[in-house]
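Hi,

Here is the model I promised to pass on. Have a look at it first, and my notes follow below.

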Amino acid sequence: MLLNSIHLSILSSFRNRNLNLNPNPNPNPHSSLHPPLLLRFRTSYRQNLQYLKSLSIISTTYTKPPSHETLDQILSVVNYLKSQGFSDSHFARLFFLCPEIFSSDLQNLAPVFAFLTQDLLASPEEACGLISRCPEILLSNVEFCLRPTLFFLRELGLQKLNSPTTLNAHLLNSRVNKLLEKIRFLESLGLSDEESARICARMPAIFGYSMEYNLRPKFEYLVKDMEREIEELKAFPQYFAFSLEKRIVPRHLHLKERKVRVPLPRMLLWSDRRFYAKWK
């Protein structure tokens, strides 16, 4: 079966990679973990504090000043991220979405950048773009999360995963088991293994949809209320992308009142103006 072959491929690639690991791939390992300082740590405590406040990493209204050690830790992370292409304007968003980054060990951050540039083949700009859209990716384990997920997505046929989109960033930061849950769910609706995988490949946004609050209600409305066959879903999986309350139900009821039945793409893809002008 398709998913079993994907599993075997992932496991094989994962094992081969581990067997060929170079224990010291970087002749100067400290160069990547300790880049030339962009901030001088001999700068006064007050100046460093003011700088981090300007980045919105440290609040302007704190009850207890951070320790010198905490300040140095945050500065080291800021310094490293700037060496990888981030600018001051990025840090407010990074801190807001994932403050844990700034208490991380640099030895845990460096492998993620290596994965993005070497495995994913992302440019430095693309790597920064992906991280900006999902900062939690910096806290993910490369061997047990990021790399197996990349293999899985590629086996499904997804391409251009290095493109810095929100969807790609969150897909790469998803566990394979979580992705498989969506495929298994589609199988439970009556689709085959191959059909379920193909639908997810055609519309990977499905991986981010809730099964109970999005996919299942839409499917049940399709087959029960709209009395349509599952074959239409196979041909048009984009159906799941439309709002049930704001798009699918109103348009179905509008057509039902007029005793009109049209294919799903024609029913959902048209703009409101075109749709309601056609069937007044």
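**What I found**

The axes of helix α12 (residues 211–225) and helix α14 (residues 244–257) come within 12 Å and cross at roughly 5°. Axes here are lines fitted to C-alpha atoms, for helices over the stretch in contact, with angles running from 0 to 180 degrees between N-to-C directions. Helices α12 and α14 are therefore roughly parallel to each other (angles under 35 degrees; over 145 is roughly antiparallel, 65 to 115 roughly perpendicular and the rest oblique). On the α12 side the contact (heavy atoms within 4.5 Å) is made by Pro217, Lys218, Tyr221 and Asp225, and α14 brings Leu244, Ile248, Val249, His252 and Leu253. These contact residues divide into six nonpolar, one polar and two charged. In this scheme Ala, Val, Leu, Ile, Met, Phe, Trp, Tyr, Cys and Pro count as nonpolar, Asp, Glu, Lys and Arg as charged, and the others, Gly among them, as polar.

Before going on, a word on the source. This is a predicted model, where local features need pLDDT of at least 70 and side-chain atom pairs count only at pLDDT 80 or more, while totals for chains, interfaces and linings use all residues. Residues are numbered from 1 along each chain as its sequence is written, and side-chain values use heavy atoms, leaving out hydrogens and water.

The chain has 16 helices and zero strands; both are DSSP runs numbered from the N terminus (helices H or I, at least four residues; strands E, at least two). Of its 280 residues, 42% are buried (under 20% relative accessible area; exposed is over 50% and partly exposed in between, with a 1.4 Å probe and protein chains only).

Pro148, Thr149, Phe152, Leu153 and Leu156 of α8 meet Val176, Leu179, Leu180 and Ile183 of α10. By class, that contact has eight nonpolar, one polar and no charged residues.

Which residue of α13 might you look at? Alanine 235 sits in helix α13 (residues 230–235). Alanine 235 is exposed, with a relative accessible area of 55%. Between alanine 235 and isoleucine 199 there are 8.8 Å in space, C-alpha to C-alpha, though they are 36 residues apart in sequence.

Best wishes
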